[in-house]
Amino acid sequence: MFSYRGGGLVVSIRRLLILSMVHSEAVPGEQNATGSVEPAFARAFAECRPRTALAGVMVEFCEFAAATSYVSLRDGVLRIRLCDVLRHAPEAVWHALGHVLVSKLFRRPVPRRFADRYRRYLNRQDVQALLERVRQERGRKRVLAPGGVVFDLVERFERLNREYFHGLMARPDLGWSVTGGRWELGHYDRSHHTIVLNRMLDHESVPAYVVDYVLYHEMLHLVFPVERKGGRRCVHPEEFRAREREFARYGDAEAWIKSEFGELVAAQRRQIKQPLRSR
Ligand SMILES: [Zn+2]
């Protein structure tokens, strides 16, 4: 990721992968004991709402792209839709999730121990890996096409590829961000293998070498995987920074970003807001 830090503002934006999803075939070595999910949810409901009779429980596993769950109560039937990743969860996790969902349905606070149990399951390494895979396969990344108004990212990528990577880099998906005005110049989304540049940069007032520099920075992320040092993620190791400085107009690009990018974003925001004000 490439964030602008200037004028006392530190606005680094990190997309959170929150509750993602998993694949039905997957969680290895884990089978639930009963094979039937409904009783676990029925039990949770009875514990939450002892005086409310249920006519039935229906649980459906869906190919969601994240660990999203839906709950409703209609004609006395509790209907639950879960990500199919949870098909392989232990019964205790279904039961905990039942408490979470029923509490939400009745706008009650979620008991801590159930929320924790469910979260612990989602945070398990193997479950996280499955969720990540599902996200990759099913999730769609929303970006604008790489051929912008002023700059064509495909063309610029290929030029940089020849100049700095011996033409050896396989092209990832490229695109302009859907929303402008964030203080992020660009980022590489590893799970979607997509380089996204802030669409504010697709503007005639932006020098081509700045667009190239931001794109080049994101291309370096394909070369340098994230390192872990004592549990900390190191996104821009020293070697990365050294390669970054090899960019022909490194100094000019850095200077432009420091002095102009903030103003560019502010100016474009004003333009966007103006029609609203005049009404
Ligand atoms: Zn970066």
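Helices are taken here as DSSP runs of at least four residues, numbered from the N terminus, and under this convention alanine 115 is placed in helix H3, which spans residues 112-123. In total the chain contains 8 helices and 12 strands, and buried residues make up 27% of its 279 residues. Of the contacts in the chain with a separation of 6 or more, 63% are accounted for by residues 24 or more positions apart.

The confidence of the prediction was considered before any local feature. The chain averages a pLDDT of 83, and 84% of the residues score at least 70. Over residues 5-34, however, the pLDDT is below 50, although this stretch has 61 contacts in the model beyond near neighbours in sequence.

The surroundings of alanine 115 were examined next. Alanine 115 counts as partly exposed because it has 16 C-beta neighbours inside 10 Å, a number that falls between the limit of 12 or fewer for exposed residues and that of 20 or more for buried ones. When residues up to four places away in sequence are not counted, alanine 115 touches Val100 and Val110. The C-alpha atom of alanine 115 is separated by 8.1 Å from that of histidine 99, and these two residues lie 16 residues apart along the chain.

Histidine 99 and alanine 115 both take part in the packing of H2 against H3. The axes of H2 and H3 are 8 Å apart and the two helices pack at an angle of about 130°; H2 and H3 are therefore oblique to each other, since an angle over 145 degrees would be needed for a roughly antiparallel pair and one of 65 to 115 for a roughly perpendicular pair. The crossing of H2 and H3 is left-handed. From H2, the contact draws on Ala92, Val93, Ala96, Leu97, His99 and Val100, and from H3 on Phe114, Ala115, Arg117, Tyr118 and Tyr121. By class, the contact of H2 with H3 has 9 nonpolar residues, with 1 polar and 1 charged residue beside them.

Helix H2 also packs against helix H1. Helix H1 comprises residues 38-48 and helix H2 residues 91-105, and their axes, 8 Å apart, meet at an angle of about 45°, which makes H1 oblique to H2. The crossing in which H1 passes H2 is right-handed. On the side of H1 the residues involved are Ala40, Phe41, Arg43, Ala44, Phe45 and Cys48, and these meet Glu91, Trp94, His95, Gly98, His99, Val102 and Ser103 of H2. By class, the residues in the contact of H1 with H2 comprise 7 nonpolar, 4 polar and 2 charged.

The crossing of H5 and H6 is right-handed. Leu153, Arg156, Phe157, Leu160 and Tyr164 of H5 make this contact with Val211, Asp212, Leu215, Tyr216 and Met219 of H6. In the contact of H5 with H6, 8 residues are nonpolar, none is polar and 2 are charged.

Several loop positions were also inspected. Most residues other than glycine have a negative phi. Histidine 166, which is not a glycine, has a positive phi of about 55°, and is found in the loop between helix H5 (153-165) and strand E8 (173-177). With 8 C-beta neighbours inside 10 Å, histidine 166 counts as exposed. A positive phi, near 50°, is likewise found at aspartate 75, a residue of the loop between strand E5 (69-74) and strand E6 (77-83). Aspartate 75 counts as exposed because 7 C-beta neighbours lie inside 10 Å.

Alanine 65 occupies the loop between strand E4 (56-62) and E5. With 16 C-beta neighbours inside 10 Å, alanine 65 counts as partly exposed. The C-alpha atoms of alanine 65 and valine 134 are separated by 5.7 Å, while the two residues are 69 residues apart along the chain.

Notes: Residues are numbered from 1 along each chain as its sequence is written. This is a predicted model: local features need pLDDT of at least 70, side-chain atom pairs count only at pLDDT 80 or more; totals for chains, interfaces and linings use all residues. pLDDT is the predictor's confidence in each residue, from 0 to 100. Two residues are in contact if their C-beta atoms, placed from the backbone, lie within 7 Å. Axes are lines fitted to C-alpha atoms, for helices over the stretch in contact, and angles run from 0 to 180 degrees between N-to-C directions. Angles under 35 degrees count as roughly parallel, over 145 as roughly antiparallel, 65 to 115 as roughly perpendicular and the rest as oblique. A crossing is left-handed if the near helix is turned anticlockwise from the far one by less than a right angle, and right-handed if clockwise. Ala, Val, Leu, Ile, Met, Phe, Trp, Tyr, Cys and Pro count as nonpolar, Asp, Glu, Lys and Arg as charged, and the others, Gly among them, as polar.
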